Amino acid sequence: MRNGFPPTTAPAGRRTAGTTLLVLDADPPPRLGRLTGRARIVHTDEEGLTRLLPTADVLLVWDFTSHAVRRAWPGEGPRPRWVHTASAGVDHVLCPELAASDTVVTNARGVFDRPVAEYVAALVLAMAKDLPRTWDLQRERRWRHRETQRVAGTRAVVVGSGPIGRAVVATLKALGITTALVGRVPKTGIHGPADLDRLMARADWVVSAAPLTESTRSMFDARRFGTMQPSARFVNVGRGALVDEDALAEALAKRWIAGAALDVFRDEPLGPESPLWGLPGLIVSPHMSGDVVGWRDELGAQFVELYERWAAGRQLRNVVDKKRGYVPGH
């Protein structure tokens, strides 16, 4: 606790400019007009974060690609009572010191569910209908008739039973795909980790939408890719470090699997020297599966709503279990 107040709510009388909101900025900055006059809003970049962190009551991590919070948090001085990251993943902010503190962490759960699900469906259809090759042939001005795959009746396994994973399942089912969902623990309608290898061995589509934790890091490795059918394809819209990229590269190069699509990577941005760009059957996209027109405005509006709850002394939503590394409830 800080000043003796519970960390999930604002103390009485702190609804004005007396509260310092520190924003780790990205371009464009968030629209926080509704908080004008209700908080002292201070913007900073990575270099200024360490110096300004002790002055903040609330930290908004608008630059969700930055790992500066992990580096700055262990320093000396007070720390914010509440940290909000404008992203679904929280691994870029959680460090042992933050996880052990009384500071509450919230995320952008709910903003990206449908956009990511639509993106996964687009990737599945693009690979099934051989659209990348169609575009290549069009640029070459070559007329080559081909047969493509029917997606209805195929099987998919979606790993990650949070809102994004559940939205992916619903969208793929609408295409006629038989879909299994895998979560951290088995429950009604959700398979546990022990079922994953068996499900992957039967799947035409394996979709990774899990959070990054110590138990999920590099979970898709050479052994797992080896369980997949040669006709199967892999999609990752979760976190880059869920995948052993060298193992995936080998699986694609040796045609152990038919194809893959990666929207997230171990190191971002993906450098031009990376061999992933040229792998056969791989679709590369720059971490954009959830970024639809207006997404930044939705993120800003979500934070303002959360701030108003906090300032009113109401319980915050989207509170992350810092030991698990995600919002519980699924």
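Tutor: This is a predicted model. Let us begin with D57, which is buried, with a relative accessible area of 4%.

Student: Which residue forms a salt bridge with D57?

Tutor: Side chains of opposite charge can pair when their charged atoms come close. Here D57 forms a salt bridge with R81, and the closest N and O atoms are 3.2 Å apart. R81 likewise counts as buried, at 3% relative accessibility, because the cut-off for burial is under 20%. D57 belongs to the loop between helix 1 (46-52) and strand 3, and R81 to the loop between helix 2 (68-72) and strand 4, so the pair ties together parts 24 residues apart in sequence.

Student: How many salt bridges are there by this rule?

Tutor: The count comes to 17. One of them joins E308 to R38, with the closest N and O atoms 3.1 Å apart. This pair links distant parts of the chain: E308 is in helix 10, R38 is in the loop between strand 1 and strand 2, and 270 residues separate them.

Student: Are E308 and R38 buried, partly exposed or exposed?

Tutor: E308 counts as partly exposed, at 24% relative accessibility, and R38, at 28%, also counts as partly exposed. Another salt bridge brings together the side chains of E214 and R217, at 3.8 Å from N to O. In that pair E214 is exposed, at 67% relative accessibility, while R217 is partly exposed, with a relative accessible area of 41%. Salt bridges can also share partners, and in this way R34, R38 and E308 are joined into one network.

Student: What is the order of the six-stranded sheet?

Tutor: That open sheet has the order 7-6-8-9-10-11, again with parallel pairing. Its edge strands, strand 7 (178-182) and strand 11 (282-284), each pair on one side only. The twist from one strand to the next averages 15 degrees. Four bridges join strand 9 (residues 233-236) to strand 10 (residues 259-262), and V235 is partnered with A261 in strand 10. Helix 6 packs on the sheet by touching strand 6, strand 7 and strand 8.

Student: Which residues have the most contacts inside the largest nonpolar core?

Tutor: They are L21, W82, L172, F303 and Y307, in a core of 48 residues. Among the elements that give two or more residues to this core are strand 1, helix 6 and helix 10. Leaving aside neighbours within four places in sequence, Y307 is in contact with T19, L35, R38, A39, V58 and W82. Apart from this core lies another of 33 residues, among them A203, M219, A251 and A260.

Notes
Residues numbered from 1 in each chain as written. Predicted model: local features only at pLDDT ≥ 70, side-chain atom pairs only at ≥ 80, totals over all residues. Heavy atoms only, no water. Core = buried A, V, L, I, M, F, W, Y, C linked by side-chain atoms within 4.5 Å. Buried < 20%, exposed > 50% of the residue type's maximum accessible area, 1.4 Å probe, protein only. Contact = heavy atoms within 4.5 Å. Salt bridge = Lys/Arg side-chain N within 4 Å of Asp/Glu carboxyl O. Pairing = 2+ DSSP bridges. Axes fitted to C-alpha atoms, helices over the stretch in contact; angles between N-to-C directions.
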